[in-house]
Amino acid sequence: MRRLALFTATVAGGVWRLFAVAALLLAFLVGALYWNLEAATEAASDVVHTQAVERELQGLGEDLINAETGQRGYLLTGQENYLEPYNAGIASIGDRFARAKALAKSGEVLDALQRMEPLIKERLAIMAGTLDLARKGDWADARDLVKQGQGKQVMDEFRQLRATAIEHEAHLLAERRIAFAVRLNRLLLVVGGGGLLAVVLLAISAARTVNRLKQPVVALLGGISAMSEGDLGQHVEVTSHDEIGRVAEAFNDMAARVQSAHQAREESQRDLERSNAELDNFAYVASHDLKAPLRGIRNLAEWIAEDLDNPSAEERKENLRLLQTRVDRLDGLLESLLTYSRVGRKHSAAERLDTGRLVAEIGDYLAPRAGFKVEGSPGMPIISTPRGPLEQVFMNLLSNALKHHDGQTGRIAVTARDMGERVEFRVSDDGPGIRPEFHDRVFQMFQTLRPRDEVEGSGMGLAIVKKTVESFGGTIRVESAPPERGTTFIFDWPKAVIA
């Protein structure tokens, strides 16, 4: 007996452990990703905010320059359309200054903005004063006011404060961009490294689970393979009580049952072989040992008949004739019993058999009386089967049809129909028919529908036919419905018999 070890942890536990590892890794990655993503987002927001402050500071200078450009153009030309840049700058400066003040977070920038505010107001007031003088016609006074350079002094001081604030914001912008890049790299490192770690851990966990499952599965497959090769004593050793362990226990139980059933079958086979041998011996004794005294009775009756030639002994002659008939009938019965006992035993090898030719040969052998014909239909199949059993079936059916026909002429026809792996044969006659209530009875042993004194027979012919057909996996039935004439026996036979 071959023994195979089966070691395994709980299958469900292994799967859940794998799930737990995956869940923990996923939770860790999500947490790290969220923290780093939040930090990166905050850094990006700082960069955007610094850029916005810087943009508003730049815009303040541009608005004041636009206002100065419009003012000077108007003072030089006296045309109102030159005041368009002035009006646009004046309209934008207030809102832009308020936005810059709201966005600024650095103390240095807020201080610069507070110092810029009075300068902006003073510069706007100077420009408004020059324009008022010009509109009143005091062009010379307006130009003199510009030439005094008060406005330029204010603008120079404004530009210096603005440059200081912008430089500070630029420095913050550079620092925040560096911080954003660091946090972005950290985020990528966490995602990439965490993903790689997750893959490695999952691969390790999966490999361990596969290894734990592989050994018991291989053991079970080995047991199944050994059983398929005939080793019914196969046993798989179980060291756990998980799902696969229970499968292994079921396998062992099945193996024990199969072995027990096999042993019982072998015992039954030996009993059957012994019984068949005894039956063979009985049939031989019944056929051989009983025939000897029967032949002696027949010979004795013949001698007595030869000695009784005087007319007064006619009655005794008739009795002796009946004695001979009974002895012949008993001899035929014993022969039929022997034939019946041998049905289903080992046959000769299969051969290619032309069923049409077989029917013709049996018809010639039976030598029907004048006015009767035995015919096979054209195109009857050629099959692969032992000749003896099928010949016995056709012989009994055809001789039975001839024997029980009540007419002066008659026709017995054999036809065949392809049924795939089998062939259906029909043996039909135009005799008196068989009433439906006798359709089953005719296949029983020692059953005849007419007295044996009218039609000689053992009553075993159709019983032998039925047993022979069934031994080849087929069935046989009767179709007949008197008072309509005719009887058809229908049976099927394999196209190819495998030894």
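Good morning. I begin with helix α10, residues 387-403, which lies across β4, β6, β7 and β9 (487-494) and runs at about 180° to β9. Please keep in mind that this is a predicted model.

Helix α11, residues 461-471, lies across β8 and β9, and its angle to β9 is about 30°.

Let me turn to the sheet itself. It is open and consists of five strands, in the order β4-β6-β7-β9-β8, with mixed pairing. At its edges are β4 (372-376) and β8 (476-479), each of which pairs on one side only. On average, and ignoring direction, neighbouring strands of this sheet are turned by 15° against each other.

Within the sheet, β6 (residues 410-418) and β7 (residues 422-429) run antiparallel and are joined by seven bridges. In this pair, I412 of β6 stands opposite D429 in β7.

I come now to the packing. In soluble globular proteins, nonpolar side chains tend to be buried together. Here the largest nonpolar core has 34 residues, and those touching the most other members are L390, F394, L397, V427, F489, F491 and W493. At least two residues of this core come from each of α9 (355-366), β4, α10, β6, β7, α11, β8 and β9. Helix α10 gives the largest share, eight residues.

Which residues does F394 touch, leaving aside those up to four places away in sequence? They are L358, V359, I362, V414, F425, V427 and F491.

Finally, there is a second, separate core of 31 residues, with L64, L75, I126 and M155 among them. Thank you.

Key
Residues numbered from 1 in each chain as written. Predicted model: local features only at pLDDT ≥ 70, side-chain atom pairs only at ≥ 80, totals over all residues. Heavy atoms only, no water. Pairing = 2+ DSSP bridges. Helix = DSSP H or I, 4+ residues; strand = E, 2+ residues; numbered from the N terminus. Axes fitted to C-alpha atoms, helices over the stretch in contact; angles between N-to-C directions. Contact = heavy atoms within 4.5 Å. Core = buried A, V, L, I, M, F, W, Y, C linked by side-chain atoms within 4.5 Å. Buried < 20%, exposed > 50% of the residue type's maximum accessible area, 1.4 Å probe, protein only.
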